[in-house]
Amino acid sequence: MTRRSLPVVPSLSVNLYADDVLADSRDVFARIREAGPVVWLPRRQMYAIGRFADVRAALRNDAVYRSGAGVAANRLSNHLGRHTTLFSDDEAHTRRRKVLMRSLAAKALVDIEPQVDARADALIERLLATDWFEAATDFSAHLPIGVVAELVGGPEGGERLLRWAAATFDALGPMNRRGLRSARISFGLLLYTLRLGAAGVSPRSWAAAVFDARDRGQISTRQARGLVIDFVAPSLDTTILASTHLLWVLSRHADGWDEIVADPSLIPAAVVENVRIASPIRGFTRRLSHDHEIDGTPLPRGSRVVLLFGAANLDETRFPSPESYDIQRPNGAHVGWGNGPHACAGANLANLEMQALLRAMAPTSAVWPPATPLGCATTHSRASAGSPPASASNQPA
Ligand code: HEM
């Protein structure tokens, strides 16, 4: 009997988590895509998948690509996150996600839409009256911080939640100096949720909804608190980074902005295309439950694999001219919000917030060219494919 000879996995000595790569991952992503359907990263002792079709197939195959052993690149965070929806599989995942979606599904958000629009209108009116503003803090952070803090309904304000959320993302990379520093801050979010109970949260808030589910016996108290982490950790800097990139990309693609002003029905597509290029979450990991092959390349059971949403979203075989911002792009569906069973539970809210900003801006025809470039990235999230603006000016460039 002859044994089938399997292709060897290419090994790439790139550091996915170096500061310069976090600020701009495009070259490393391209090298990973070019090297093969799957590559070995010796420095991190894990595999990486960067081609669109392979990342999407892996996201859909949760029987093999498991999240229950964590989606981080280090053991500590994989242990600490175990009560969340993102770090779960099968029946536990279905149960947790069902509780989350009671608050996050499109129909649950209908009532807050006018409120988000009003906040966006007031924000744009205020910014138009200023000479300059800081894009990330004054433009992008305003809605997520205000809206999420109020909807979660806990005793902590939005600024503190953002500090914890950003640190939680940084703690999902390797336990290097950045990871250790962030894990300490992110621990604050864990402690905060451990002290939360039904009595300390606003009635009819998202936190109240998870404690109601606990009272109905659908989840345990520990899981209810884990779901509060699901509401806070992924909802802030993701949307803030995407909104900053939105402003940046529109300031560079005046034609895209003109199209939106002329036809605001393009706003949803403009937001979706922006998340493709920005890919605020670069990628998360999975652990393989079985031996597995991609295009004949073997991957052993138990190995950790990082699924690079950001690399997949720039795959030229799926998105021609992947770096150009094209709001009329045919076949523009991407994996910036993930795909399959763990696809982003908060995409409706993120879309609502970003669309509200554009709806408020469109009648003013305002777009603010960036003044000062800023590399703004966290371990798993990043603001842009290039340099997003730290500040923007109402004066013409
Ligand atoms: C532009 C903004 C956002 C982006 C780009 C984004 C991206 C993602 C991605 C890529 C995943 C899949 C992760 C994986 O499969 O490993 C995910 C999952 C998730 N996101 Fe988001 N997200 C955003 C906003 C939000 C918001 C606003 C919330 C909550 C209010 C949220 C809550 C979640 C939750 C709970 C999951 C886990 C779902 C599950 O495991 O079933 N996200 N997100």
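Residues are numbered from 1 along each chain as its sequence is written. In this predicted model, local features need pLDDT of at least 70, side-chain atom pairs count only at pLDDT 80 or more, and totals for chains, interfaces and linings use all residues.

Q: Why is leucine 100 called buried?
A: A residue is buried if 20 or more other C-beta atoms, placed from the backbone, lie within 10 Å of its own; 12 or fewer makes it exposed, and in between it is partly exposed. Leucine 100 has 20 other C-beta atoms within 10 Å, so it is buried.

Q: What does leucine 100 touch?
A: Contact requires C-beta atoms, placed from the backbone, within 7 Å. Leucine 100 touches Thr85, Leu227, Asp230 and Ala345, not counting residues up to four places away in sequence.

Q: What makes strand 3 and strand 5 a pair?
A: Two strands pair if DSSP finds at least two bridges between them. Strands are DSSP runs of E, at least two residues; helices are runs of H or I, at least four; both are numbered from the N terminus. Two bridges join strand 3 (residues 65-66) to strand 5 (residues 284-288), so they pair. They run antiparallel. Arginine 66 stands opposite arginine 287.

Q: How do you know that strand 5 pairs with strand 8?
A: Four bridges join strand 5 to strand 8 (residues 304-307), also antiparallel. Arginine 304 in strand 8 is the bridge partner of arginine 287.

Notes:
Contact = placed C-beta atoms within 7 Å.
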